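Let's take a friendly walk through some helix packing. Have the structure open beside you as you read.

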Amino acid sequence: MIHKSIAELAALCGGRLSSADQAAAEIRCAGVSTDTRTIGPGQLFVPLKGERYDGHAYAAAARKRGAAAALWQQDRQLPAELAGWPVILVEDTLAALQRLAAGYRRELPVRIVGITGSNGKTTTKDMVAAALATVFRVHKTSGNLNNHIGLPLTVLEMDASTEAAVLEMGMSGFGEIRLLSEIAHPDLAIITNIGDAHMQQLGSRQGIAKAKLEIADGLKSGGTLILNGDEPLLAEDAVSLPEGIRVLRFGQQPGNDYIVQPQRMDAASSSLRISYDSETTPELTVPAAGVHNMMNAAAAVAAALQLGAAIDRIAAGLAGMQLSAMRIEKIEAYNGATVLNDAYNASPTAMRAAIDLVEQLQGYRCKWLVLGDMLELGDQEEEMHREVGRYITPAKADRVLTFGTLGACIADGAAAAFAAEPQAVRAFDDKQALGAWLRSQLSPEDLVLVKGSRGTRMEQIVQAIQHR
């Protein structure tokens, strides 16, 4: 984590000390926190202001827990109870946190990989980190700390011994990826794909592609952008990237720089080969099912090769990686049935990939799709849910259960394909009832895939069928 004197922190974030006390200026801070519940002794407290909260109100609690100093927004009155505590005055605490991270990143000799995309960001992050960890000391985004607050905090967690960092970059509107990329200043960036998430804010898939390509704006001079070459929207817009950026493409189609060759797949893993530079890798295995995860693996391999890792080390790292929870996480139901918990989030593109995966997996008595609402899709959300439903056929799954108002549109779209067996498609508006009914129908030889947007908390259905 960052270790700096208060004077050095003030210089990096563009602030000034509230006191001319030279002794206070030389006090050293180790780490940064925005949360008084977890702040530790010696850290710098950064009080952030939201619509319903103001972190400045918790500064006294941060001091009591041992925080060495705080940023302080200069339009806020400094309470008497904070007298004598080192405070750095700034115009805006969030902007100061971001400047602090950007300045600190530029001091470190670390090689940074930035990752964005509509789907697969976290899985690709985990894969890149695993591939690089066999060669470098790696730091990566934890959990979902991928926004304008989480990314700066992740950067500030690094120390001088970090050799490579893998930073996930999420967004909901234009300009956000550009900001994150300019803070992280990556050597290499990845765009996993262009889907339908955030259609409400960005208007179209073309808008989503434009927003994702902002990651190139913060790349180092001569940096490399690795993008999904099977996505025409990325190919179209990549021609207008800043001068000096090297573009590499991965995908299944001929003409990509890294061509995915699927080999084998089961509910817990996938194997593939990758052709590149007139070479073909040995068979690579990742503990993640689906062709879409083979694509994520190809992006990770390309990144690791570009940073100098050998293919045998990359293969070992991928084989032993740990995926973040609820990303096609294989779980055993109470009776031994196979459950794929993919409940972290959802979009139409990700739903179709999950449906394809269920179709590709064989050897089960009955294959169940349990699908919830997909959020932030804009005015066309009902039709987009029906389109997902129409994508489901009896060849892809045996049973379809949906939850939620929009989930019911998925069931409506699927109904025609299951007209010969109308009871194969059921819509629920009660999650507990869905879980109980599924549990009563489940056989040990079944496969269940559960997916929905984060707000639907579809993992509760997984829990309902998991415990004895």
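In this predicted model, helices α16 and α17 pack at an angle of about 35°, and their axes lie 9 Å apart. Their crossing is right-handed. On the α16 side, K431, L434, G435, L438 and R439 make the contact, while α17 brings Q460, I461, A464 and I465. Sorted by class, the residues of this contact are five nonpolar, two polar and two charged.

Now have a look at α17 itself, which spans residues 459-466. Which of its residues are buried? They are E459, I461, V462 and I465. Viewed down the axis of α17, these buried residues fall within an arc of 150°, so they line one face of the helix. Their packing partners are the strands β18 (329-332), β19 (338-342), β20 (367-372) and β23 (447-451), along with α16 (431-441).

Helix α5 covers residues 121-133 and helix α12 covers residues 311-319; their axes come within 7 Å and cross at roughly 130°. That angle makes α5 oblique to α12. Here α5 passes α12 in a right-handed crossing. From α5, the residues M127, A130 and A131 meet R313, I314, G317 and L318 of α12. This contact has five nonpolar, one polar and one charged residues.

Here are the two pairs side by side:

| Helix pair | Angle between axes | Axis distance |
|---|---|---|
| α16 and α17 | about 35° | 9 Å apart |
| α5 and α12 | roughly 130° | within 7 Å |

Technical notes. Residues are numbered from 1 along each chain as its sequence is written. This is a predicted model: local features need pLDDT of at least 70, side-chain atom pairs count only at pLDDT 80 or more; totals for chains, interfaces and linings use all residues. Side-chain values use heavy atoms; hydrogens and water are left out. Buried means under 20% relative accessible area, exposed over 50%, partly exposed in between (1.4 Å probe, protein chains only). Helices (H or I, at least four residues) and strands (E, at least two) are DSSP runs, numbered from the N terminus. The arc is that of the directions from the helix axis to the C-beta atoms. Contact means heavy atoms within 4.5 Å. Axes are lines fitted to C-alpha atoms, for helices over the stretch in contact, and angles run from 0 to 180 degrees between N-to-C directions. Angles under 35 degrees count as roughly parallel, over 145 as roughly antiparallel, 65 to 115 as roughly perpendicular and the rest as oblique. A crossing is left-handed if the near helix is turned anticlockwise from the far one by less than a right angle, and right-handed if clockwise. Ala, Val, Leu, Ile, Met, Phe, Trp, Tyr, Cys and Pro count as nonpolar, Asp, Glu, Lys and Arg as charged, and the others, Gly among them, as polar.
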